[in-house]
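Morning, everyone. Please look at the sequence and the model first.

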Amino acid sequence: MSERRSRWVLSVGTALLCLGWSVARAGQDVQIGDARLQWSGYLRQYLSVNLEDQPDRLADGSTLGGQGELSMARTSLLLKGSLDFGVFRIFSIGRWSREAETDYLDDLSDSSGVDLVDDVYDENELRELFVEFGLGERWNFRLGKQQVVWGETDFFQAGDIIHGFDQTWRSFFEPENEEWRKPLILANVEIAIPELDGSLQLIYRPGWDDDDDLGNSLDVFGGRWAAQGSRGANTLALFPYNYEHNRGDSDDASYGFRWSGFGFDLAYSIYYYHTLNQEQVLNFIANPYGDAPLNGFGEFIFPQIDIIGGTATGYISAIDSVWRAEVAYTLDKPYNYGFAGTPFAGTAGVIEEDTARLMLGLDMALRQFGDGTSSPWQLSFQLFDSWIPGFDGSDGIIDIVTAKKKEHSITATVLLAMNFKHDSISPSIAFLHDVSYGGGAFVPAIDYKPGDHWRLRLEADLFYKSGNTCSTNPATGAGLICTHAFGTLDNSDQLLARITYQF
């Protein structure tokens, strides 16, 4: 057994011993003087297996392969606690994760030159730490590191604009968004205004966060969720991140507001937010966007943007369904452009275009199904569109990696969630289809809840190609014109098992 695997086994064993001691010796609700301590958490094990060989070419010239190999053996311990003093409450969440270096990850690390386990996947993170208190009946304050959720979409972001997401270790298939949303240090103030049937929320981020807490974290270092064709290749060695660029400095403040209310049988909100672009753009020396790259060649940056938008939710009694709508309109959103379908895609520079992200959703309760359950089956439909109103095809805007973007980038999702045996067995089926470019994903899963503590999830992530979604040939570069969302996930079929002990 290798030293790293021995260390992983020892870490998991230690976590299990600590968990057993905690459950045996500590209570989940304890009075300490005038304060009340409550805590909970989970110990979770992930195992994922590749179902396909992957054609990516490694640094030594060999083909990656990987069919039947473990791509993830990840152990996470999460602890959540609150200390309530009556007039105020302190809340915290910490997460500790360790991964085994499987043979598959070892191949990727050797090729990319990145120690994927130690430098990327392992974590010791204080995810949230804030104090919460109220002043009178109207004012509520939450100060510190936290998550603020404005949107209600699954898989893709529309109104959820305050935080970036960490898509390095699990991409966007983790069922709970709070697990991969990146918390920020915020001043979060809510003012109840019952006279107008609503409330006003004020958000201010002073810029005290770590640099990589901003924006979406994508696998650009050649790991297991790198774009198809670039696994085992560290793009950051060529184009590092610059979080202190004059067009987007992570130390600069973010701020905004949201009004939430009820009227005309609708729950609605309107908002404005000034922040950094969640998607990275390439600042290339040939035509720099603001200051030239620090390395004199190229870098990834997160420029500042302004977003206005809103949400609405209503009920359709005739079909016992809830409809949802979200829009996030970004002013002068930056995109790379030029040389689509080649390895130099996006290096012509950065162009700014107003962009609307729209979502329409319908959630139906299928009460005629599921005898012996406490929850009805649910059928959800969602339609996402990233729309560039001033789109001009001759601009050559780049989508995702190297492919050319269209005026509308539309994705449809369908989710059927079922319940059996008093909700202890819950199968689900998710279907995602890229309407604009082709391709999609089929995600069958089953959740088993044998009691109060144990949870088991089995899932298959299966991707398909159609239309303009095709494979990239690592040797010749053919297929770079097709690297849209599901094109980047080609040859990524996998099985996942997730077992959780929650306490």
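When I say that two residues touch, or are in contact, I mean that they have heavy atoms within 4.5 Å. The model is a predicted one.

Start with Trp150. Leaving out residues up to four places away in sequence, Trp150 touches Gly159, Asp160, Ile161, Ile162, Gln201, Ile203, Phe257, Arg258, Tyr271, Tyr272, Tyr273 and Thr311.

Where does Trp150 belong? Trp150 is among the residues with the most contacts inside the largest nonpolar core, together with Ile161, Ile162, Leu186, Ile203 and Tyr273. That core has 16 residues. Two or more of its residues come from each of β9 (184–193), β14 (266–276) and β17 (304–316). Strand β14 gives the largest share, three residues. Apart from this core lies another, with 14 residues, including Tyr46, Leu58, Leu108 and Tyr121. As background, nonpolar side chains in soluble globular proteins tend to be buried together.

Now a second residue, His433. His433 sits in strand β24, residues 425–434. For a sense of scale, the C-alpha atoms of His433 and Ala286 are 36 Å apart, and 147 residues separate the two along the chain.

Next, the whole protein. Its secondary structure comes to three helices and 27 strands. The C-alpha trace spans about 65 × 60 × 50 Å along its principal axes. For 503 residues, a compact globule would have a radius of gyration near 23 Å, and the protein has 23 Å, so the two agree. Of the 503 residues, 49% count as buried. The protein exposes about 22400 Å², with carbon and sulfur atoms supplying 59% of that area. Of the contacts with a separation of 6 or more, 63% are between residues 24 or more positions apart.

Last, confidence. The average pLDDT is 91, and 93% of the residues score at least 70. Over residues 12–17 the pLDDT is below 50, and that stretch has four contacts beyond near neighbours in sequence. Residues 19–26 are also below 50, with eight such contacts.

Terms used:
Residues are numbered from 1 along each chain as its sequence is written. This is a predicted model: local features need pLDDT of at least 70, side-chain atom pairs count only at pLDDT 80 or more; totals for chains, interfaces and linings use all residues. Side-chain values use heavy atoms; hydrogens and water are left out. A nonpolar core is a set of buried Ala, Val, Leu, Ile, Met, Phe, Trp, Tyr and Cys residues joined through side-chain atoms within 4.5 Å. Buried means under 20% relative accessible area, exposed over 50%, partly exposed in between (1.4 Å probe, protein chains only). Helices (H or I, at least four residues) and strands (E, at least two) are DSSP runs, numbered from the N terminus. pLDDT is the predictor's confidence in each residue, from 0 to 100. The radius of gyration is taken over C-alpha atoms; the globule rule is 2.2 Å times the number of residues to the power 0.38. Accessible areas come from the Shrake-Rupley method with a 1.4 Å probe; for residues, only the protein chains shown count as cover.
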